[in-house]
Amino acid sequence: MSTTEMAASNAGFDTPESHPKDLLRFMTAGSVDDGKSTLIGRLLHDAKALMDDHIDALARTAARRGLKDLDLSHVTDGLQGEREQGITIDVAYRSFETARRRFIIADTPGHEQYTRNMVTGATNADVAVVLVDACKYWLPQSRRHACLADTVGIRQLVVAVNKMDLIGYCEAAFAHIRDEFLDFASRLHFARVTFIPMSALKGDMVVERGGNLPWYEGPTLLEALEQADIPGAVGGAHGAPFRFPVQWVSRPGAPGRAARRGYMGRVASGGVAVGDEVMVLPSGRRTHVEEIDTHDGVLARTQAPQSVTLYLEDDVDVARGDMIVAAPSPPAVTKAFAATVCWLSSEPMSLRRRRYLIKHGTKTVSALFSRPHYRLNIATLERDTGVATLAMNDIGRVTVHVQDPLPWDTYIANRATGSFIVIDALTHDTVGAGLIEGSADAPEALAS
């Protein structure tokens with residue numbers, strides 16, 4: 001599966017020191033013709049996130065077509081054009097910032113056949129924005145979007161009730177959509193659900209409040225995004241315990257370091273300081289951090305998502321694929337675990353005949369899957385326990401058996417070390433994405 005990142009401009013985003021503002025990642029999803037392209041275009045335009053030459057191009061297109069106003073749905077035309085050319089597109093990214101916060105939008109396709117692509121975009125998002133067409137009320141696909149966001153652990157949902165201009169900005173219709181979803185969402189796990197009536201076409205309640213919804217006293221979409229929580233204690237890269245998948249083992253030749261091995265990689269979650277006790281997994285050896293080195297010099301402390309070289313006090317055995325973790329709060333280390341898997345391949349999951357690889361952090365190991373415990377119907381939330389395998393776009397819970405012990409956290413506790421991808425060992429295609437639920441011997445006791 002290929003991924004196109006359009007205008008992501010992420011070069012400076014991975015270094016906290018380079019940009020002091022908070023970073024919120026959110027995804028957008030909506031059924032066909034719900035107005036998602038117009039909403040993204042409106043958000044970027046009214047937030048002053050479009051370049052002048054881009055606006056000029058939109059103005060020329062509008063003039064050529066005899067339109068009085070800009071067609072903001074064309075802001076994402078680059079992605080649509082690639083799709084028309086037959087290029088495999090799963091999720092497109094846009095970035096912008098306001099005076100208060102930086103944002104990365106994962107613009108996910110809405111059609112059911114692209115369920116796998118929505119999962120790809122959702123796994124890194126802190127907030128899900130699901131569009132509902134005010135003229136159509138809740139469609140099955142809209143419920144699927146909300147369920148998928150819940151399944152991958154997103155706990156903040158914004159329901160953007162769009163096209164209010166087409167129903168006369170009717171408050172009763174908005175209330176009906178809100179109440180219908182709240183009944184459905186009682187079986188989901190969202191900590192915060194915000195309903196916003198809006199017209200992306202007219203600009204009401206996207207960035208500006210407009211003058212057509214005086215009965216609505218809640219935030220605009222941009223205000224809701226600026227007020228959203230960035231997960232810290234649970235699931236966030238900064239609040240979770242220290243995890244450092246080793247990407248490379250180096251032997252610098254500089255004076256005084258000839259005999260020292262350094263362990264290079266990116267801090268996946270948490271932080272560590274010089275002198276802290278750490279544990280090397282899967283061996284379980286304990287030692288202390290002696291030095292933290294970067295391209296710009298040594299540090300007293302590092303945290304996610306910095307890329308650093310760690311030097312340890314003791315000459316312990318550490319190899320690429322190992323994980324250096326906080327000794328007081330290590331992850332589980334097992335050869336089997338239960339996981340929710342979204343199957344991405346057109347070839348159904350094979351339980352015995354096909355060999356798969358699990359890529360978890362910087363480690364890749366052979367794996368086998370059990371018969372699914374169940375397949376989740378993401379429109380009704382029912383669990384089908386009679387399935388023999390998972391087909392393309394299916395989401396189900398399985399037990400994963402790996403050749404070598406893997407250190408893991410649950411996905412709910414730590415997205416960085418609670419997720420993995422499944423690779424076909426023969427073709428090297430990515431065929432699945434997994435979220436670790438917990439121990440393999442107690443699947444029914446897992447969070448559900």
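**Backbone and charges**

Glu223 is partly exposed, with a relative accessible area of 30%, where buried means under 20% relative accessible area, exposed over 50% and partly exposed in between, for a 1.4 Å probe and protein chains only. This is a predicted model, in which local features need pLDDT of at least 70 and side-chain atom pairs count only at pLDDT 80 or more, while totals for chains, interfaces and linings use all residues. Residues are numbered from 1 along each chain as its sequence is written, and side-chain values use heavy atoms, with hydrogens and water left out.

Glu223 forms a salt bridge with Arg209, the closest N and O atoms being 3.7 Å apart; a salt bridge here is a side-chain nitrogen of Lys or Arg within 4 Å of a carboxyl oxygen of Asp or Glu. Because Glu223 lies in helix α7 (residues 221–227) and Arg209 in the loop between β6 (192–197) and α7, the pair ties together parts that are 14 residues apart in sequence. Helices (H or I, at least four residues) and strands (E, at least two) are DSSP runs, numbered from the N terminus. Arg209 is also partly exposed, at 32%.

By this rule the count comes to 15 salt bridges. One of them joins Asp133 and Lys163, with the closest N and O atoms 3.4 Å apart. Since Asp133 belongs to strand β4 (residues 127–133) and Lys163 to the loop between β5 and α6, this pair ties together parts that are 30 residues apart in sequence. Asp133 counts as buried, at 3% relative accessibility. Another salt bridge brings together the side chains of Glu277 and Arg286, at 3.5 Å from N to O; Glu277 is partly exposed at 33%, and Arg286 is partly exposed at 43%. Arg260, Glu290 and Glu291, in turn, are linked in a network of salt bridges.

The backbone deserves a look as well. Most residues other than glycine have a negative phi, and most peptide bonds are trans.

Which peptide bond is cis, with omega about 15°? A cis bond of that kind joins Leu281 and Pro282, and Pro282 is found in the loop between β10 (277–281) and β11 (285–294). The peptide bond from Ala304 to Pro305 is cis too, with omega near 0°.
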